[in-house]
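Come along and check each entry against the picture.

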Amino acid sequence: MELWFTEYFTDHARFSMRIARQLYSGRSPLQKIDVYESLEFGRVLVIDGMVMLTERDEFIYHEMIVHVPMAVHPNPRRVAVVGGGDGGTVRELVRYHQVEEIDLVEVDKLVVDVCREYLPATAGALDDPRVTIHYTDGVEYMRDCRTKYDLIIVDSTDPVGPGEGLFTREFYVSCFAALTDDGIMVNQHEGAFYEPDAKACQRAHARIAELFPISRVYQANIPTYASGLWLFGFASKQYHPVRDLRGEEWNRLGITTRYYTTDLHTGAFALPAYVEKLLKEVE
Ligand code: AG3
């Protein structure tokens, strides 16, 4: 018998991958978590029926959500990651020696526990001594936050269920306040092709662009996410994501990557016309 996992992108479009076996299935008070062994993409983490990562293409997402802001900020020492319980974002961050403290704010401890067991290639980095895990809601954490961060990375699920709060104006206001005077916030920004994603993307962009002096969107090609074209938001108090890119300095760090390059960095901010139009409509 053939087993297939299917994610519905809309009611009329879906994406399937062939599964060798299911490794885990469980439910926390917040969401349903599944891990599959797939034939094409390696292990797959699924939350509430949506692909969070696959072993095969997670490097693209995690390199792009981390190295883009890290190649712009001149001295990022304190970083908060909101969501990201799989550890992939933290794995890329711990490669920087200048990062002194990483606060990972994950609402669902079960995500971390399951990833530690089944996805060690991402979750292994959570044991780095610079990492503190806070099992609490990101909206509340940022509202009560006394620390000032150089960089906040919002590595959320989609804006349905527990991830919803991480797309609200209230949350972005708290992040703005929790950033230093030259801080940067980067968030996973949904896609722009299918209507539900495009609506979420527009809503997030409208709220962020209203608050931050600099708010730009960049893209990456992530094969297992809806349409393959996925977006990230770069919101900043001072630094421009392209004009302030410290390309030579970043290359001197000698960090090896499989997707990110400093040339691609600049190109990633050039968006297809339909995406630009969608964003301009709400600016
Ligand atoms: N965060 C989820 C991105 C959104 C994916 N959406 C979807 N497949 N419908 C990724 C977590 C990786 N750290």
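**Entry 1: what I am looking at.** I remind myself that this is a predicted model.

**Entry 2: E58 and its partner.** I began with E58 and looked up how exposed it is. E58 is buried, with a relative accessible area of 8%; the limit for calling a residue buried is under 20%. Which residue forms a salt bridge with E58? I found R91, and the closest N and O atoms of the two are 2.8 Å apart. R91 is buried too, at 19% relative accessible area, just inside that under 20% limit.

Then I asked where the two residues sit.

One joins R130 to D128, with 3.0 Å between the closest N and O atoms. I checked D128 and found it buried, at 17% relative accessibility.

The other brings together the side chains of E210 and R169, 3.5 Å from N to O. Here E210 comes from helix α7 (residues 195-211) and R169 from helix α6 (residues 169-177), so the pair ties together parts that are 41 residues apart in sequence. Are these two buried or exposed? E210 is exposed, with 54% relative accessible area, while R169 counts as partly exposed at 39%.

Entry 3: Next I turned to the ligand, which sits in the largest pocket. I looked up its surroundings: 13 residues surround the ligand, and the closest are V51, H62, D86, D155 and D158. Which elements give two or more residues to this shell? They are β5 (50-54) and α1. β5 gives the most, with three residues.

- H62 places an N or O atom of its side chain 2.8 Å from a ligand nitrogen.
- S156 uses a backbone N or O atom, 2.9 Å from a ligand nitrogen.
- D158 has a polar side-chain atom 2.8 Å from a ligand nitrogen.

Last, I looked up how covered the ligand is. Taken alone, the ligand exposes 400 Å², and the protein buries 97% of that.

How values were computed
Residues numbered from 1 in each chain as written. Predicted model: local features only at pLDDT ≥ 70, side-chain atom pairs only at ≥ 80, totals over all residues. Heavy atoms only, no water. Salt bridge = Lys/Arg side-chain N within 4 Å of Asp/Glu carboxyl O. Buried < 20%, exposed > 50% of the residue type's maximum accessible area, 1.4 Å probe, protein only. Helix = DSSP H or I, 4+ residues; strand = E, 2+ residues; numbered from the N terminus. Near = heavy atom within 4 Å. Polar contact = N/O pair within 3.5 Å; in protein donor to acceptor, adjacent residues only side chain to side chain. Areas by Shrake-Rupley, 256 points an atom, 1.4 Å probe, with all protein chains shown as cover. 1 Å grid on protein atoms, 1.4 Å probe; cavity = no way out; pocket = protein on both sides within 12 Å on 5 of 7 lines; lining within 4 Å. Sits in = over half its atoms within 2 Å of the grid points.
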